[in-house]
Amino acid sequence: MPATVVVGTQWGDEGKGKLTDLVAKEMHAVVRYQGGHNAGHTLVVDGESFALQLIPSGVLYDHITPVIGNGVVVDPVVMLSEVDALESRGVDCSRLRVSGNAHLILPYHQELDRLIERHLGKNKLGTTKRGIGPTYADKASRVGLRVQDLLDADIFREKLEAVLAEKNLVLAKIYNRLGFDPDELADRYLTEVAPRVAPYVADTVSLVHESLERGEHVLFEGAQATFLDLDHGTYPFVTSSNPIAGGACVGAGVGPRHIDRVIGIAKAYVTRVGSGPMPTELFDETGDTIVDLGHEYGVNTKRRRRPGWFDAVMLRHAVRLNSLSEVAITKLDIFDSFDSIKVCVAYDVDGVRHDHLPYHQSDLHAATPIYEELPGWKKDLTEARERHDLPPNAVTYLQFLQEQIGVPIRVVGTGPGRDQHVLFSD
Ligand code: GDP
């Protein structure tokens, strides 16, 4: 089973980094297929903590080729600074490969991201202001510059001049800002950035296929999560790319038949950052307890994440959207002190029961969760390593989740450490 996708099934921060670490041993390549440097992964390897935002986590393993696929938007300055930071800590980045077709985030994208958010006022999307949305917009408008353009100075200058003619007008006439000088920007990128990026640029589609043809294992790493997907998430409070498993096909250049394993990561509860509907949201002390015990604060922004009970309706939808073959449940240990735990099994919308996600978002806003309540286990799970270490009520809870979502649970997280998990076979 050589090609595996790891995808978040909720609104992100599910603990994908740890799962990636768990399967890394058997992988030859780890490929990012969408998003940009807005995807923080925290990985602890040999006792050292690494926070990666753009470079795939595979870089930390000597046997893995880390690949930034064509579907990613790349700020080359950030890429180089991550390389420098990793190399200064002794991590060899020479195996890193970046697709020539990946689009470049350039300084005007960041400037526009900030200005557009400010202009939206109270309707702002809460973007990370790193230029990711505007870069994907340019890609769709066919005015983007790609990584491969850095390797051809004439083309780079020509495209930059053409696009800045329009961007500078927008900056001046709409936002009352100074524009960017195309010559200055081109000189800077062609002298300081291009020569350093060049050794990493590759035909990543061939690289991935040749690896698969040799029977090697390739991991496709999704950033963000299913309900932040541009097409399938709670629009407009979504990311500007497709994190769902199918995004791996587009963003890495493999057909659907190449993917044989899709692992969905779900926390034992849900959290969400920023605005948008969230039917099981908790506004009470239970929510505060989950936030405190789960350290549910943004890694960079320190913003409190919105907490809620596990939502099986969402998970059933995530199973469909991603063809999940299995699920990893993380952070089960957060419930160790709970007397009872609720699971949302369906929604009530104006007196009508919905077992599946209602397609109209107004219904999602109006949805009242229908809960089942299960007894807690009141035991410390952080030492659990085997199935028989789990108390009966924890097993019952997991079995209930599995019945609700309809695919097997293969991994259960019982603490932040890399060995704090329980594996389930059939
Ligand atoms: P991502 O955004 O989905 O990649 O999430 P991360 O991989 O950054 O994980 C989020 C945080 O949850 C990290 O600090 C992890 O150490 C922590 N974490 C992951 N799994 C578990 C778990 O099973 N229990 C506990 N208590 N913490 C976990």
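At what distance does a backbone N or O atom of Gly413 lie from an oxygen atom of the ligand? In this predicted model, where local features need pLDDT of at least 70 and side-chain atom pairs pLDDT 80 or more, whereas totals for chains, interfaces and linings use all residues, that distance is 3.4 Å, a polar contact in the sense of a pair of N or O atoms within 3.5 Å. Residues are numbered from 1 along each chain as its sequence is written, and side-chain values use heavy atoms, with hydrogens and water left out.

An oxygen atom of the ligand also lies 2.9 Å from a backbone N or O atom of Lys331, and a polar backbone atom of Gly415 is 3.3 Å from a nitrogen atom of the ligand. Of the 590 Å² of accessible area that the ligand has on its own, the protein covers 83% (Shrake-Rupley method, 1.4 Å probe).

Ten strands form an open sheet of mixed pairing in the order 9-7-5-2-10-1-11-14-18-19, pairing being defined by at least two DSSP bridges. Strand 1 (residues 3-8) runs parallel to strand 10 (residues 218-221) over four bridges, with Ala3 opposite Val218.

Terms used: Polar contact = N/O pair within 3.5 Å; in protein donor to acceptor, adjacent residues only side chain to side chain. Helix = DSSP H or I, 4+ residues; strand = E, 2+ residues; numbered from the N terminus.
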